[in-house]
Every structure is written in structure tokens, then in C-alpha cells.
Amino acid sequence: MKLLELRLKNLNSLKGEWHIDFTDEAFVNEGIFAITGQTGAGKTTLLDALCLALYGKTPRIGSISKTTNEVMTRQTGECFSEVVIELDGTGYRCRWGQRRAYGKPNGNLQDATHEVAIINSGQDKDKILEEKLSRTQSKIIDLLGMDFDQFTRSILLAQGSVSAFLTASGDERADILEKITGVDIYATISSRVHERKRLEEAKLSELSATLSGMTLFTEAEEAELITAQQQGQTELDEQEKRLSEVTEQLYWLERIKQLSTQINTHQQSLDRLEADWQTFSPDRQRLKQARQALELESDYAKLTHARQQATHTHAEIKKIEAELPKLDAQLTSLTEQQSTAEQNLSNAHTRLETSLPHIKQIRQIDIEISRTQHHLTNLQQRKNGLTDGSTELTEQHSATPHEPQQAKIQLSETMAYLDANAHFSELDDTISTLKHLGKRLKQTLQDTGATLTYRQELATAINEQNVEIEQLNNKLTDFD
């Protein structure tokens with residue numbers, strides 16, 4: 001075992017967290033080192049920490065439980081010890097720890113934790129080999145190959161044992177060495193060997209006494225006994241052979257009995273089956289008929305369906321026959337409506353033909369009206385201009401009384417023009433009359449278009465009725 005690291009916290013006088021790296025050059029280069037310091041500095045605590053991490057107890061205190069922990073530094077809430085060791089090139093981490101409730105110094109002690117893990121280099125977490133408190137110590141014993149007593153006697157010597165060894169006498173040193181090195185086990189083995197020897201010698205004495213009380217046979221008696229033994233063995237062989245034959249016979253008798261019982265059982269079953277067959281005879285006949293009916297079930301279903309369809313078809317025929325008079329009446333009405341619509345359409349065409357010359361005249365009149373309105377507008381504008389000119393002349397005449405003669409001449413010309421164009425005043429009545437005629441003509445054209453639309457709708461309805469009547473006639477023909 002090679003010690004690599006030691007970590008501890010709040011153990012005895014070493015308050016706080018401590019770390020010792022034994023792979024440091026200072027330890028590696030020297031090869032050997034000593035733990036020195038004043039009394040109470042914590043030298044032995046380092047050895048206790050090593051034992052705690054491995055076995056969960058120390059040579060000075062022994063085991064630590066939930067009720068007592070004297071290694072935890074006073075006024076602290078937790079303690080732990082962790083050691084990293086190397087065995088056959090593999091690193092292992094052993095950790096023991098205990099804390100108080102809520103980590104408070106006055107809290108109750110909680111269950112200790114103890115785990116051993118294999119160090120996985122290059123990975124985030126080590127692989128836990130064992131973490132249950134009752135099995136961790138056994139796992140460490142398997143790894144190290146020694147229990148706590150052997151470890152403290154061969155690798156770690158407790159401080160008290162070394163002091164007692166240095167100050168003791170020769171006999172006392174022998175006892176101490178026996179305790180340190182474990183030689184006392186040989187004394188125990190020697191004592192047990194001596195006790196075993198005494199018991200075996202006692203058994204030998206008893207056997208010798210028994211043997212001395214026995215009487216030995218002569219050669220003749222021995223030969224007679226051997227002959228008797230051989231005869232007995234021969235008789236025994238014959239009896240065993242006879243027993244084997246009897247056993248085989250008994251087996252066959254038992255087998256015959258079982259077969260007879262089975263035959264009787266089968267015969268009874270056969271009788272019951274025959275009785276059941278006779279009882280089932282009427283049902284068998286009905287079953288036969290049912291199977292025959294089952295074969296006709298499909299044809300019967302088709303026949304039933306055909307009958308249902310025929311009934312439904314006859315009902316439809318009767319319904320159609322009942323509706324035929326109504327449809328004939330509708331057809332007659334529609335025919336009359338069609339005739340009326342055709343007559344209306346003919347009248348509309350006649351009126352349209354009669355109205356076409358008037359329409360042409362009205363269109364010419366509209367053109368003339370447009371032209372006349374344009375000319376009238378111009379004349380009105382000229383009239384307004386002349387009126388404005390007359391007013392201006394009157395004003396000028398009032399302003400310039402020395403030009404009355406010229407103004408009178410212009411006024412006379414204006415009045416003469418108005419008298420010459422007096423016929424344009426009747427254009428308003430003519431325009432109103434033409435507008436009224438145009439509205440009547442437009443209404444007549446709309447009525448004609450509505451009549452044509454109505455005629456088309458009647459023709460479509462008549463065609464649909466004719467198609468429906470033809471379909472009904474076809475159905476009647478099919479049913480006939």
C-alpha cells in the first residue's frame with residue numbers, strides 16, 4: 001500500500017480543513033520523514049485520521065457511533081477524514097465522515113458515512129465500490145488484506161504501544177511484541193493443539209480398553225463363520241432375486257388392475273355416449289335440417305330482398321300513377337302559359353316593329369334637341385351679353401347724357417334681334433315632350449325584355465316537366 005493524499009477536517013486539535021500531499025517532491029525525494037511537534041499539536045491525530053478513513057475507528061478511541069464521537073473538534077458541526085492510496089498501480093479513495101444536525105455545534109450526532117471508491121483518471125466522478133456503512137470495512141479488508149488489529153500491529157503502531165515497549169522490561173517487551181506483532185495467536189494455537197492432543201489420547205485409551213476385552217476366534221471358528229456368511233449371502237441373493245420377481249409380478253398385477261379399471265371406465269363412458277347418441281337422435285335430425293336451411297339462407301335472403309324491392313317498386317308505381325293526373329294538369333297549365341307567353345312575345349315583337357320608326361325619329365329628335373340646346377345655350381349667352389351691354393349702355397347714358405342717340409340705336413338693334421328669334425322660346429316645351437316620349441319608349445322596351453325572359457323561363461320549365469314525364473313513362477314501361 002502506498003499513501004498518496006490525506007485530507008481531514010475538525011479532528012481533535014486540528015480544527016478546520018487540512019490537506020497533505022505525499023506525492024509532493026519534498027516527501028518523494030527524502031524517502032523518509034518524521035512527524036514532530038509539541039504535545040497536543042496533532043501528531044497522533046494524523047494517524048487517527050488515517051485509521052478513520054480506512055476502518056472508521058482509531059487505536060485510542062475505538063469505534064465511533066451516533067451516540068458518541070470524541071474525535072470531532074469541540075464547537076464544530078462536522079468532521080471527516082479522507083485518504084487516497086495506491087494498490088497494485090490502482091488508486092483508491094477512502095472517506096469517513098460524521099456531522100451534527102443542521103451542521104450546528106450543538107446539534108445531535110447523525111449516522112456516520114463511510115465509502116470506498118476507485119479513482120477514475122480523466123473522468124468527472126470516481127466509481128463507488130461500496131458506500132454502505134456495514135459493508136465498507138469488509139471491502140477495505142478485502143483490498144488491504146488485513147483487518148484493523150493487523151493494520152495497527154504491522155503498519156501503524158499506536159503511540160501508547162511504542163512508549164510501553166521502550167520503558168518495559170524484557171518479559172513485558174515480549175508481551176508487548178506479542179500484542180504489536182500478533183504473536184499471541186501462536187500461543188493460542190499451541191494451547192488448542194495441546195487440548196486436542198489430550199482429547200485424542202483419551203479416545204485412544206478407551207479404544208484400547210475395549211479391544212483388550214474382546215475374545216478372538218480360532219481359525220476353525222473363523223472358517224465356519226465365513227462359510228455361514230457365504231451361505232447366508234447365497235440365501236440373501238436368492239431371496240433378493242425372488243423378491244425382485246415377486247415385485248415385478250406385483251407391478252404387473254397392479255398394472256392389470258389399473259388397466260381393468262380404465263377399461264371399465266371407458267366402457268361406462270362408451271355406454272353413456274351411446275345413450276347420449278340415442279337421446280340426441282331428434283336433435284340430430286333438426287341439426288341436419290338446420291344445416292340444409294343454412295345452405296339456403298343466402299338464396300332466401302336474396303329472395304326476401306327481391307320481394308321487398310318489388311313491394312317498394314309497386315308502391316312507387318302507385319304513387320306515380322296517383323300523381324299523373326296532377327302532373328297532366330300541371331302540363332296543361334304550363335302549355336297554356338307557354339301559349340300565352342308566346343302570344344305576348346308576338347305582340348311585343350309587333351309593338352317593337354311598330355315602334356322602331358318612332359325610335360329612329362326619337363333618336364333624330366334627340367340629336368336635334370342636343371344641337372338646339374347647344375345653339376340655345378349660345379343664344380342665351382349672347383342674350384345675357386346683350387342684356388349686360390344694354391345695362392352698361394343705360395348706365396353710360398345716365399353718366400354721359402351727350403350720347404343718347406348712339407345708345408338708342410344699339411338698344412333698337414338688340415330688341416330687333418330678340419324679336420327675330422322669338423321662336424326659340426317654344427323649345428322648352430318641345431324638349432319636355434320628347435323626354436316624356438323617350439321614357440315611354442324605354443318602359444316599352446323593358447316590358448318587352450321581361451316578356452322574353454318570362455317566355456324563356458316557361459320554356460325551360462316545360463322542358464323539365466317533359467323530361468320528368470318521359471322518365472316516369474319509362475319506369476312505367478319497365479314495370480309493365
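1. Glu5, Arg7, Glu82 and Arg95 are joined in a network of salt bridges, a salt bridge being a side-chain nitrogen of Lys or Arg within 4 Å of a carboxyl oxygen of Asp or Glu. The model is predicted: local features need pLDDT of at least 70, side-chain atom pairs count only at pLDDT 80 or more, and totals for chains, interfaces and linings use all residues. Residues are numbered from 1 along each chain as its sequence is written, and side-chain values use heavy atoms, with hydrogens and water left out.

2. For Glu82 and Arg7 the corresponding separation is 4.0 Å. That pair links distant parts of the chain, with Glu82 in strand β5 and Arg7 in strand β1 (residues 2-11), 75 residues apart. Glu82 also forms a salt bridge with Arg95, at 3.0 Å between the closest N and O atoms. Here Glu82 in strand β5 is connected to Arg95 in strand β6, 13 residues apart. Helices (H or I, at least four residues) and strands (E, at least two) are DSSP runs, numbered from the N terminus.

3. Glu82 counts as buried, at 11% relative accessibility, whereas Arg95 is partly exposed, with a relative accessible area of 29%. Arg7 is partly exposed at 29%, and Glu5 is partly exposed at 23%. The classes are buried under 20% relative accessible area, exposed over 50%, and partly exposed in between (1.4 Å probe, protein chains only). The count of salt bridges by this rule comes to 12.

4. The strands that carry Glu82 and Arg95 are also paired. β5 (residues 78-87) and β6 run antiparallel over 10 bridges, where pairing requires that DSSP finds at least two bridges between two strands. Val83 stands opposite Cys94 in β6. The two strands form a hairpin with 2 residues between them, and Asp88 in the turn has a positive phi of about 55 degrees.

5. Strand β6 (residues 90-99) is mostly covered, as 7 of its 10 residues are buried. β6 also pairs with strand β7 (residues 113-118) in the antiparallel sense, over 6 bridges. In β7, Ala117 is the bridge partner of Arg93.

6. Arg95 has a further contact to note: its charged end sits over the ring of Phe80, 4.1 Å from the ring centre. The criterion is NZ of Lys or CZ of Arg within 6 Å of the ring centre and within 35 degrees of the ring normal. The charged end of Arg284 sits over the ring of Trp277, 4.0 Å from its centre.

7. Aromatic pairs number 5, counted for rings of Phe, Tyr and Trp (its six-membered ring) with centres within 6.5 Å; planes under 30 degrees apart are stacked, over 60 edge-to-face and the rest tilted. The rings of Phe22 and Phe33 have centres 6.0 Å apart and planes at 25 degrees, so they are stacked. Phe22 is buried at 15% relative accessible area, while Phe33 is partly exposed at 45%. The rings of Tyr55 and Phe148 are 5.7 Å apart between centres with planes at 70 degrees, so this pair is edge-to-face. Tyr55 lies in helix α2 and Phe148 in helix α4 (residues 148-154), 93 residues apart. Tyr55 and Phe148 are buried.

8. For the chain as a whole, the secondary structure comes to 11 helices and 8 strands. Of its 480 residues, 20% count as buried.
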